[in-house]
Amino acid sequence: MSIFDKSAFKFSHQHRLFRTSAISNGQIVQFKLSDIGEGITEVTVKEWYVKEGDSVSQFDSICEVQSDKASVTITSRYDGIIRKLHYNLDEIAYVGKPLVDIETDALKDVASEEDVVETPAVSHEEHTHQEIKGHKTLATPAVRRLAMENNIKLSEVVGTGKDNRILKEDILNYLAKQTGAILPPSPKPEIIPPLPKSETAPAAPKDKGTKIPIPISKPIVFAGKDKTEAVTGFHKAMVKTMTAALKIPHFGYCDEIDLTQLVQLREELKPLAQVRGVKLSFMPFFIKAASLGLLHYPILNASVDENCQNITYKASHNIGVAMDTEQGLIVPNVKNVQVCSVFEIASELNRLLTLGSAGQLGTNDLTGGTFTLSNIGTIGGTYAKPVILPPEVAIGALGKIQVLPRFNGNGEVFKAQIMNVSWSADHRIIDGATMARFSNLWKSYLENPASMLIDLK
Amino acid sequence: MVIPSSLKNCFQLFYVLKISAAGFKYTANRGLILQSVSSDVYQNLAVEDWIHDNMNLENRQVLFLWRNSPTVVIGRHQNPWQECNLKIMRKKNIKLARRRSGGGTVYHDLGNINFTFFTSKKKYERMENLKLVVRALKGLRPQLDVRATDRYDLLLDGNFKISGTAAKLGRTVAYHHCTLLCSADRFILSSVLKSPYKGIKSNATPSMPALVKNLFEEDPTLTCEMVMDAVAAEYARCHQIDHRITLINPADEIVFPGINNKTKELQTWEWIYGKTPKFSISTCFNMVYEQSLLEVKVDIHVKHGRIEVCNIDLPEQWLPPAMCNELEKNLIGSKFCPSETTALASALLRICPQNYELHSKWSLLCENVMTLM
């Protein structure tokens, strides 16, 4: 129902339409509430789909009324502009009395009382095609003309209007697809399963975007509209958190880890965990190794106050795991990793993941974190530049595990399972050397899991 | 992977729909009986939408039989907070759906049968449909005391409601659907249909609580399959059509082009919660903090499922006023939803002074505010 579209119609079709009509230009028509059946005389107005000033097309929904357990959608018989709504929400409306005033356009036809399903005058073959699909195609006469002009079968166009009506945009989109023009991405984001991801790494670009458009004879009108909405709720809170985060001077440190031995170890341990009812991923190992490292470099598990005047070394290692959910990026944490076994961490992770995907995480799970790991690799990517989550001072982003050729001690090439890690730390209190040493220690635990055994608490 | 029998059903449906769309006066095929193979409420509601939007019902009628896995279904203009216990539903994984027809709230599970009668708007007649169901039941078990009331309910033994009705009228098509309690879980039914939320002021359509009973309790030999078959047979007899039930898969885009979009729309938060008519919650609750009892007064206005106005009255200086204001300000525009509120509150905690006492007070307050949702 965009004003732009309506004026486009007027310009291109004024000279084509040829009708004699008793209705003069811009006349206000009182659209009365028609008979609903079952002898009903009054209904309650429950929702307005239009407001004064909106343009409506024939068959657009105007409002929803309710009577005795029946919900009725009232649709417009006219094309035009809504000039007056005769009732407020929850008021009683009467059958036979005016519901809305519509200013109609003189050159457009008015639909008759009896709604007739339109069957377009097309070839017999197309008629049959429509029957096979088994549904009537709804479209205004102007849209049908546009389709015919462009040799488009209405049955092949998916309607996105109300009641699956085919709109002008649908014809244009169909045309654009046919000629290979680049289409704008759909407004709804893809539903990604709840996996932890870093908030800064973008997804890899798809091939679709690099197609070269084939020149066509008719100019295509792009019918998409910008959509502005307020930033609210959780996203508003994230804006505040990220603004505070970027006040922290970040420095980055990256490295690559050879996980060949860990991959094998996990394969052996997976069935054991399965028997106990727990799914074992790589994260519990990463988390435990981080905690062991933090015992040697407690400054990475610390917090500074607002003016960086005091530093608090946190006793508990509450390691956060970034999770992508319907809300957005949330970071539940595993509490007291320093006293948990790898299995206990895995079990707790399972619990947090299940609650996270059901939107049932509690405040206790989401607060109190001291250090964070973000597994962007499950979605893709290698290196990242993660943003520290205040009041923490460090964060690690883990890339995907790739099989790459590496040299062993004898100078021979072998297949190695390589993962990249990107750390960010608060440069006001953490220096490069500390971060590097922590990373090396973490790396050594993971590259040689047996060494974790000696230091396990 | 196409199984021959489903292909056959597809072709039968095509054939039948083809005849209908051509507008022939094909009297032998004036009706269709469909039964869903899915127990997903959103898919089944999408079938109703699809038939309403796409089928030509000028000269034909359709009966649609369906059952759902545990779900609470509210009417088009109802308020889920007023109608059901969302907390229990979340814990027990019982879904919430909003249908497009009016009426009240019902509990569905596999022991509750849904019948939808599709007709043209002119032929919309709820009482006739209910009489049909009563005839079918009496045909099965003549001793059953079942009758329709003028509120379009079906009562067993004069006292117990076994069926509720709702309807949707569009431009040319109308449908009337009703439930039928055969062997539903009455314990869960009564616990989820009782709202724990206090202080709600709203113009949403209220439900009328009623005593219910299962047909199975009256006659244990009755099963859902028998009842569905009996109603289908009576429908076939009335409309002089084949007593053949066509099984349909609501996820089949070939038979129902565009249906998956309808299913998705019915599952969105904007539809299920966002369509709740404007309402307000004015209530107070008590919190216990370190052996002292605190009274908190809350006034929240919700529109389109989002918080429009938020006032939280705390005992003086219990929490720095700036912090309380921050919470109120950030809740405005946010979804009236516990997971959104938890995520929001936890994120905000990151940027306020890092003080154990403040954090635990904040968390306590947020947990309590969430119990209103």
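**Before you start**

Residues are numbered from 1 along each chain as its sequence is written, while chains are lettered from A and ligands numbered from 1 in the order in which they are written. Because the model is predicted, local features need pLDDT of at least 70 and side-chain atom pairs count only at pLDDT 80 or more, while totals for chains, interfaces and linings use all residues; side-chain values use heavy atoms, with hydrogens and water left out.

**Stop 1: confidence**

The mean for chain B is 88, and 92% of its residues reach 70 or more. Now select residues 1-10 of chain B: pLDDT stays under 50 there, and the model has 5 contacts beyond four places in sequence for them (contact means heavy atoms within 4.5 Å). Residues 18-28 of chain B also stay under 50, with 10 such contacts. Where pLDDT is low, the predicted coordinates should not be read in detail. For the complex, the predictor gives an ipTM of 0.80 and a pTM of 0.76.

**Stop 2: where two helices meet**

Helices (H or I, at least four residues) and strands (E, at least two) are DSSP runs, numbered from the N terminus. Select helix α5 (residues 233-245) of chain A and helix α11 (residues 321-331) of chain B: they pack at an angle of about 130 degrees, with axes 8 Å apart. That makes α5(A) oblique to α11(B). The label follows from the cut-offs: under 35 degrees is roughly parallel, over 145 roughly antiparallel, 65 to 115 roughly perpendicular, and the rest oblique. Axes are lines fitted to C-alpha atoms, for helices over the stretch in contact, and angles run from 0 to 180 degrees between N-to-C directions.

Which residues of α5(A) meet α11(B)? Show G233(A), K236(A), A237(A) and K240(A), which meet E326(B), K329(B) and N330(B).

**Stop 3: a covered strand in chain B**

Select strand β6 (residues 112-120) of chain B. Here 9 of its 9 residues are buried, meaning under 20% relative accessible area. Strand β2 (residues 61-66) of chain B pairs with β6(B) in the antiparallel sense over 5 bridges; two strands pair if DSSP finds at least two bridges between them. F64(B) has T116(B) in β6(B) as its bridge partner. Strand β11 (residues 173-181) of chain B also runs antiparallel to β6(B), joined by 9 bridges, and F115(B) is partnered with C178(B).

**Stop 4: a three-stranded sheet**

Staying in chain B, find the open sheet of 3 strands in the order β7-β8-β9, with antiparallel pairing. β7 (146-148) and β9 (160-163) stand at the edges with a single partner strand each, so one side of each has no neighbour in the sheet. The twist averages 40 degrees from one strand to the next. Helix α5 (residues 126-140) of chain B packs on this sheet, touching β7 and β8 of chain B, and its direction makes about 175 degrees with that of β7(B).

**Stop 5: chain A**

Chain A has an open sheet of 4 strands, ordered β1-β8-β6-β3 with antiparallel pairing. Its edge strands are β1 (28-32) and β3 (55-56). Look for V56(A), whose bridge partner in β6(A) is G80(A).

Finally, select K288(A) in helix α7 (residues 283-296) of chain A. Is K288(A) buried or exposed? K288(A) is buried, with a relative accessible area of 1%.

Definitions and conventions
Buried < 20%, exposed > 50% of the residue type's maximum accessible area, 1.4 Å probe, protein only. pLDDT = per-residue confidence, 0-100.
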